[in-house]
Amino acid sequence: MNVLPLPSSAHPADRPVRLPVPHALRKALPSSDRAEAALAQALDGVSIPALDVSRLAGALAGSAGHAILAAPSCWTDAQLRWAYVVILHHLGNLNGRYGKLFDVADRGLGHTTSNAPVSKTMAATGMHTDSSDAGYNPDLVALLCLQPDASGGRSLLADAQALFDRLRQAHPELVSVARTAWPRDVVTPGLTSCNKAIEDNAIPVFSEDDHGLIFRYMRYWTERAMAKLDRTVPEELTRLFDFIDADMDEHALRFQLRRGDMLVANNRTIVHGREAFENAAGFAPRCLVRAWVDGFLDSRSQALSLRA
């Protein structure tokens with residue numbers, strides 16, 4: 001069975017796609033006292049139950065480009081993490097450069113005064129796609145909500161293909177700017193950060209490959225790279241960034257993630273972000289669990305129900 005994209009009319013354009021958690025996942029859920037051990041096995045690719053994820057894969061490969069699966073909030077953190085890993089295993093391979101699971105939580109750091117990612121702060125992220133490394137771009141980015149924030153923190157999604165269509169119509173002169181590779185600051189742990197490395201870490205905003213459109217956007221790290229290289233940001237690049245930001249602000253989906261929600265998005269065609277948030281004294285701080293998935297595009301030619 002090949003994965004087929006959902007038709008464009010399969011979901012309302014003004015709210016995110018929501019899908020049920022597979023029934024087979026609920027049946028295979030480990031008990032709370034076994035969940036930590038089952039999670040460790042799942043992270044190693046062991047004892048993964050068979051699931052049919054064709055609807056989810058279709059949403060990710062189609063015009064929607066994303067989906068939210070809502071697991072019961074009464075499941076323990078370990079049970080939720082296990083379910084999350086099992087689902088993602090059926091879509092591809094979890095990337096481990098930040099650890100296969102990375103907790104997105106405030107660490108009291110400042111992304112404007114260090115190389116700390118904004119994911120370790122309470123600040124608004126700005127709209128972006130994941131990975132600042134020119135040599136690596138995950139197919140999918142996923143977020144599991146373990147603890148929502150007390151105030152603010154809405155999640156944002158925008159469609160890069162629709163954005164590109166509007167750019168070509170409104171400002172065709174900026175298309176070549178969008179296809180030019182611009183330097184981006186090197187912030188990935190373990191990579192050398194010097195002027196030569198920044199020069200080499202050049203990424204176009206829009207490009208294509210055999211699988212179609214690729215949109216890679218991190219305005220902040222591009223502008224910081226230019227500053228480190230002692231260059232003025234070209235006027236046409238600022239115009240492009242301003243158009244992109246305004247377009248995404250106008251057309252973005254805005255929604256709140258609840259405990260147990262698993263957001264999965266196509267990192268090539270869907271832009272994501274979050275609004276600033278605050279934690280409340282006496283309550284658990286906001287915590288999402290991020291994962292990057294490789295190999296999803298290659299898996300589309302397989303029968304996904306047989307990936308276990």
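**Helix packing and sheet pairing in a predicted model**

Hi everyone, let me start at a helix contact: A35, E36, A38, L39, A42 and L43 in α2 meet A78, Q79, R81, W82, V85 and V86 in α4, where contact means heavy atoms within 4.5 Å. By class, this contact of α2 with α4 has 9 nonpolar, 1 polar and 2 charged residues. For the classes, Ala, Val, Leu, Ile, Met, Phe, Trp, Tyr, Cys and Pro count as nonpolar, Asp, Glu, Lys and Arg as charged, and the others, Gly among them, as polar.

A word on the source: this is a predicted model, in which local features need pLDDT of at least 70, side-chain atom pairs count only at pLDDT 80 or more, and totals for chains, interfaces and linings use all residues. Residues are numbered from 1 along each chain as its sequence is written, and side-chain values use heavy atoms, with hydrogens and water left out.

Back to our pair. Helix α2 covers residues 35–43 and helix α4 residues 77–89, and their axes come within 8 Å and cross at roughly 20°. That makes α2 roughly parallel to α4; the cut-offs are under 35 degrees for roughly parallel, over 145 for roughly antiparallel, 65 to 115 for roughly perpendicular, and oblique for the rest. Axes here are lines fitted to C-alpha atoms, for helices over the stretch in contact, and angles run from 0 to 180 degrees between N-to-C directions. Helices (H or I, at least four residues) and strands (E, at least two) are DSSP runs, numbered from the N terminus. The crossing of α2 past α4 is left-handed, a term used if the near helix is turned anticlockwise from the far one by less than a right angle, with right-handed for clockwise.

R81 turns up again in a salt bridge. Its side chain meets that of D103 at 3.1 Å, N to O. R81 lies in helix α4 and D103 in strand β4 (residues 102–104), so the pair ties together parts that are 22 residues apart in sequence. The count comes to 21 salt bridges, each being a side-chain nitrogen of Lys or Arg within 4 Å of a carboxyl oxygen of Asp or Glu.

Now to a sheet. In what order do its 3 strands run? The order is β12-β7-β14, in an open sheet with antiparallel pairing, and two strands pair if DSSP finds at least two bridges between them. β12 (253–255) and β14 (270–274) stand at the edges with a single partner strand each, so one side of each is left without a neighbour in the sheet. From one strand to the next, the twist averages 20°. Strand β7 (residues 155–159) is joined to β12 by 3 bridges, and S155 stands opposite F255 in β12.

Helix α5 (residues 160–170) lies across β7 and β14, at about 55° to β7. α5 also meets helix α9 (residues 235–251): their axes come within 11 Å and cross at roughly 125°. The two helices α5 and α9 are therefore oblique to each other, and the crossing is right-handed. From α5, L163, R166, L167 and A170 take part, meeting L240, F243, I244, D247, M248 and H251 in α9. This contact divides into 7 nonpolar, 1 polar and 2 charged residues.

α9 has another partner, helix α8 (residues 219–228), at an angle of about 165° with the axes 12 Å apart. α8 and α9 are therefore roughly antiparallel to each other. R219, T222 and E223 of α8 make the contact with L237, T238, F241, D242 and D245 of α9. Here the classes are 2 nonpolar, 2 polar and 4 charged residues.

Strand β10 (residues 206–209) pairs with strand β11 (residues 212–215) in the antiparallel sense over 4 bridges, and D209 stands opposite G212. Thanks, everyone!
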